[in-house]
Structures are given as C-alpha cells and as structure tokens.
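Hi,

Here is the structure I promised to pass on. Have a look at it first, and then read my notes below.

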Amino acid sequence: MKNLLTLIICCFSITVFSQKISGKVTYVVSMESFSKEKIDSISKKLKSKKVKMDKWMRDVFENTPNVNAYLEFSNDESLYYVEDKMQNDGKPIFNVNRTFAGGDNRYYKNTKTNEYFNESSTFGELFLIEINAKKWKITQESKKIGRYLCFKAIDIESTNKKMKPVVWFTPELPVSFGPLKYNGLPGLVLLVELSKRTISASEIIINPKKEIVIKKPTKGKKMTAEEARKIGEAFWKSIEKQ
C-alpha cells in the first residue's frame with residue numbers, strides 16, 4: 001500500500017499538467033445538535049452576563065439541520081460556497097450549522113497564482129481575507145468513497161484539543177481543492193471529519209458539458225490572516241466587556 005500511495009502521489013504533478021479538469025462537487029455538511037447539558041451550560045454563562053437565553057436561541061442549538069455546500073473548480077481555480085439561506089414564510093431561518101459550513105463567505109483558490117482567500121463580511125464590512133495553507137500528514141490508510149479510492153490526511157497544526165481535522169482525498173481526481181480551508185493535497189477532498197461535524201461529498205460531476213467559469217471575488221478590502229485574527233480577538237473582547 002505504501003508503494004502504491006507513493007506512486008500515485010508522484011504521478012500527481014505529471015497528471016495535473018497533462019490534463020484539463022473541471023467539475024462541481026456537492027457536499028452535505030452535518031453537525032450534531034448541542035446536548036441539553038451543553039445548552040444549559042451556555043445559558044448559565046449568558047445569565048452571568050445578564051443575557052437571557054429565550055426559546056428561539058434554545059431551538060437554534062437543538063436543531064442543526066444539514067446544509068448543502070458546493071465546490072466548483074476549473075483547471076487552476078476553485079470556489080467554495082454554501083447554499084442560500086433557508087426561508088420560512090418569507091423570513092430567514094438561522095442555522096448554526098450553516099454558519100460553521102461557511103455561511104455567506106466564499107472561498108477562492110488559484111494554484112497558478114498562489115491566491116488563496118475568502119470573501120467575508122463578518123466584521124460589518126466586506127473583506128478579502130488571505131488564508132494560510134495547512135500542513136498535512138498523509139497516512140497509508142485508505143478507503144473507497146463512492147467509486148474513488150481515498151487516502152487519509154491529518155491537519156497536524158490544528159490546535160483543536162478534541163480532534164485534529166481529518167480529510168480523505170482521492171488522487172484519482174488530481175486537483176488540489178476541497179471544501180472551506182481543507183485542501184492543498186494531491187487530490188480532491190471528498191470527506192472532512194471534525195469533532196461532531198462532517199463535510200461529505202454527495203455528488204461529483206467531472207468535466208460537465210456546460211463550461212464551468214470560476215468568478216473570482218474582487219470586491220472588498222484585502223486583509224492578511226493575522227490582521228483578521230487580531231480583529232476577531234478584539235471583537236470578542238468587546239463583546240465580553242458588555
């Protein structure tokens with residue numbers, strides 16, 4: 001198996017430069033609902049800050065329906081985004097799972113120009129936030145996902161204490177793309193396993209008849225990953241003081 005994996009990865013760069021490939025992947029993003037104990041703990045913390053948790057907020061934590069997300073790619077470019085917000089009688093329904101899936105953000109990557117960022121309006125203004133590439137440990141472990149042979153890789157720099165993110169990628173589709181920030185491997189990522197969350201490919205369309213054109217996000221102020229981290233920290237500190 002080790003020799004097979006080495007051979008596949010060695011052939012990856014040759015295949016990429018000799019083959020034009022495009023496609024669209026539909027991912028199902030799933031999340032376990034918060035337990036009653038966890039919700040009670042959150043409620044207790046909010047009460048200490050004189051914030052009341054009403055029934056609407058409890059419903060949000062108890063109900064986290066699956067959402068669909070999409071990855072489109074063509075040659076050197078990819079764009080990841082989440083389905084439109086669900087509506088109920090004309091009113092948007094908040095789904096915390098959709099937020100974890102990426103929300104209204106769009107993730108763009110260009111392997112030729114080394115551009116890698118996400119379009120975000122998290123801080124009340126539109127930004128194009130640079131993304132740092134992850135460092136992966138590729139293992140010999142493999143399994144079939146649908147018709148594709150996939151290999152396991154681990155996000156070795158993750159600081160998640162519960163579980164380091166695990167992805168399954170297939171060198172049979174030689175593109176270095178995947179959902180959210182889970183990419184940069186010698187093959188398309190078909191499954192992401194996180195603590196209490198998964199992102200799994202439910203449909204894969206390769207080289208469709210209709211040409212896929214990636215629309216690169218261009219509006220918004222450019223920001224480095226470090227600048228975004230500092231703004232995020234300042235934002236949450238201001239919330240805690242209220």
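Lys134 has 27% relative accessibility, so it counts as partly exposed. Please also keep in mind that this is a predicted model.

**Salt bridges**

What does Lys134 form a salt bridge with? The partner is Asp155, and the closest N and O atoms are 3.0 Å apart. This pair links distant parts of the chain: Lys134 is in the loop between strand E8 (127-130) and strand E9 (136-145), while Asp155 belongs to strand E10 (residues 148-155), 21 residues apart. Asp155 has a relative accessibility of 4%, so this residue counts as buried.

How many salt bridges does a search of the whole structure find? The search gives nine. Another one of them joins the side chains of Asp104 and Arg98, at 3.1 Å from N to O. Are these two residues buried or exposed, or something in between? Asp104 is partly exposed at 48% relative accessibility, and Arg98 is buried, with a relative accessible area of 10%.

Then have a look at helix H5 (residues 225-241), where Glu226 and Arg229 are three residues apart, so about one helical turn separates them. These two form a salt bridge as well, with 2.5 Å between the closest N and O atoms. Glu226 is partly exposed, with a relative accessible area of 38%, and Arg229 also counts as partly exposed, at 39%.

**Around Gly103**

Gly103 is found in the loop between helix H4 (96-101) and strand E6 (106-110). With 11% relative accessibility, Gly103 counts as buried. Leaving out residues up to four places away in sequence, Gly103 touches Val82 and Arg98; that Arg98 is the salt-bridge partner of Asp104.

**Aromatic rings**

A pair of aromatic rings is described by two things, the distance of the centres and the angle of the planes. The count for this structure comes to five aromatic pairs. One of them is Tyr108 with Phe117, a tilted pair with 5.3 Å from centre to centre and 40 degrees between the planes. Tyr108 is buried, with a relative accessible area of 1%, and Phe117 is buried too, at 9%.

Phe151 and Phe169 make another pair: their ring centres are 6.4 Å apart and their planes are at 40 degrees, so this pair is tilted. Which parts does the pair tie together? Phe151 lies in strand E10 and Phe169 in strand E11 (residues 166-170), so the parts it joins are 18 residues apart in sequence. Phe151 counts as buried at 0% relative accessibility, and Phe169 is buried with a relative accessible area of 0%.

**Charges over rings**

Last stop, two lysines. The charged end of Lys109 sits over the ring of Tyr116, 5.3 Å from the ring's centre. Lys143 lies over the face of Trp168, and here the distance to the ring centre is 4.5 Å.

Happy exploring!

Note on methods:
Residues numbered from 1 in each chain as written. Predicted model: local features only at pLDDT ≥ 70, side-chain atom pairs only at ≥ 80, totals over all residues. Heavy atoms only, no water. Salt bridge = Lys/Arg side-chain N within 4 Å of Asp/Glu carboxyl O. Buried < 20%, exposed > 50% of the residue type's maximum accessible area, 1.4 Å probe, protein only. Helix = DSSP H or I, 4+ residues; strand = E, 2+ residues; numbered from the N terminus. Phe/Tyr/Trp six-rings, centres within 6.5 Å; stacked < 30°, edge-to-face > 60°. Lys NZ or Arg CZ within 6 Å of the ring centre and 35° of its normal. Contact = heavy atoms within 4.5 Å.
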